[in-house]
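Hi,

Here is the structure I said I would pass on. Have a look at it first, and then read my notes below.

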Amino acid sequence: MDASEIDLRVRLGRLELPNPILVASGTFGYAREMERLVDLSRLGGILPKTITFEPRPGNLPWRTVETAAGLLNSIGLDNDGIDAFVKHHLPYLGNLLPPLIVSIAGRDHDEFVAMAARLDGELGIAALELNISCPNVSRGVDYGTDPDKCRKLVTGVRQACRLPICAKLTPNVTSIVEIAQAAEDGGADAISLINTVLGMAVDWRNRRPLLGKVVGGLSGPAIKPIALRCVHQVAQAIDTPLIGIGGIATIDDVMEFLVAGATAVQIGTANYYDPTVSMKLIDQLPAALSELGASCVADIVGTLQINSETSPAPACDREALSPT
Ligand SMILES: Cc1cc2nc3c(=O)[nH]c(=O)nc-3n(C[C@H](O)[C@H](O)[C@H](O)COP(=O)(O)O)c2cc1C
């Protein structure tokens, strides 16, 4: 099929997106900062920085450290709280063309539910993403590491509001499939995989950790294989649509996540070094889909061939394997 005729729309439960390229929470500010660099109207969806019920100052510095193939952060959900969000950011964000997915983090079950109920009546919100996976705040992952708590939370939020719900999970668990299953059982419309991977960096000369909070979350190219593995494992186990996140920066990355089982993707750390990356990916997506003979995105989602012949080994591996 001609690339220009390909249908880029995707469906995540009750949520429909114009295309599968979204920007990830915490890496795109509140979008206004990006409007001079990015044609915001073309995005598949916008996820502003996670909001909490009360304002939070975030963690002490340093809060970001570059590592060999990624970024470590321990921002700690620095934000002005839900009231300030509704007053100062929502009027702008809610009037943008792409669906707005508001990322929320409560301190406990009741606070998540109260935040969802508060946002339910607000205009311009397409869906909520439950951030139950932030490694940088105390109790930030309670609901993303215990299947029972996760299921009850998603159920509670669904009862409290009519908006579609995405549950954003942490890879820092023994079995991400168990947590994803719980989110599905609770009624999540989509599952976002993954938040950052726990890590740290050390200044050995001064014998000090580089992050003020010692441990933080790793993102960027270093975590892509972990994220792909999570998407693949969860896609094999449940039917809920998945949003792939983790080290996505090129059209090949996007296609790998779609084939592995994601219906959409979020771009995170790459926004920091190339704020226009999402525009490039949207431009390149039709040709990549056309290369696989697809007429829409869904045609290739989860089409990974496991039991057939594996791909030829990359040239460097073939050389290493060949007898000398
Ligand atoms: C500086 C920074 C701040 C982040 N803040 C949030 C946040 O507020 N809420 C959230 O759900 N994820 C947050 N994340 C995680 C990203 O949304 C994303 O899940 C993660 O970085 C993996 O994707 P990437 O490798 O493309 O960056 C943050 C990531 C970074 C690097």
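Strands β8 (residues 127-131) and β9 (residues 165-169) run parallel and pair over 4 bridges. In case the words are new: strands (E, at least two residues) and helices (H or I, at least four) are DSSP runs, numbered from the N terminus, and two strands pair if DSSP finds at least two bridges between them. Within this pair, E129 sits opposite C166 of β9.

Before I go on, note that this is a predicted model, where local features need pLDDT of at least 70 and side-chain atom pairs count only at pLDDT 80 or more, while totals for chains, interfaces and linings use all residues. Residues are numbered from 1 along each chain as its sequence is written, and side-chain values use heavy atoms, with hydrogens and water left out.

Which strand holds S192? That residue belongs to β10 (residues 190-193). S192 has 0% relative accessibility, so it counts as buried (buried is under 20% relative accessible area, exposed over 50%, partly exposed in between, with a 1.4 Å probe and protein chains only). The side chains of S192 and E129 are joined by a polar contact of 2.7 Å. Such a contact is a pair of N or O atoms within 3.5 Å; within protein, one must be able to donate a hydrogen and the other to accept it, and residues adjacent in sequence count only if both atoms are side-chain atoms.

Next, helix α7 (residues 251-260): 8 of its 10 residues are buried, so the helix is largely enclosed by the rest of the structure. Among the buried ones are F257 and L258. Just after α7, G261 has a positive phi of about 135 degrees.

Strand β14 (residues 215-219) is also largely enclosed by the rest of the structure, because 4 of its 5 residues are buried. What does β14 pair with in the antiparallel sense over 3 bridges? That is β6 (residues 70-73), where N73 stands opposite G217 of β14. Strand β11 (residues 197-200) is antiparallel to β14 too, joined by 4 bridges, and M200 faces V215 there.

Finally, W204 lies in the loop between β12 (202-203) and β13 (208-209). With 60% relative accessibility, W204 counts as exposed.

Cheers
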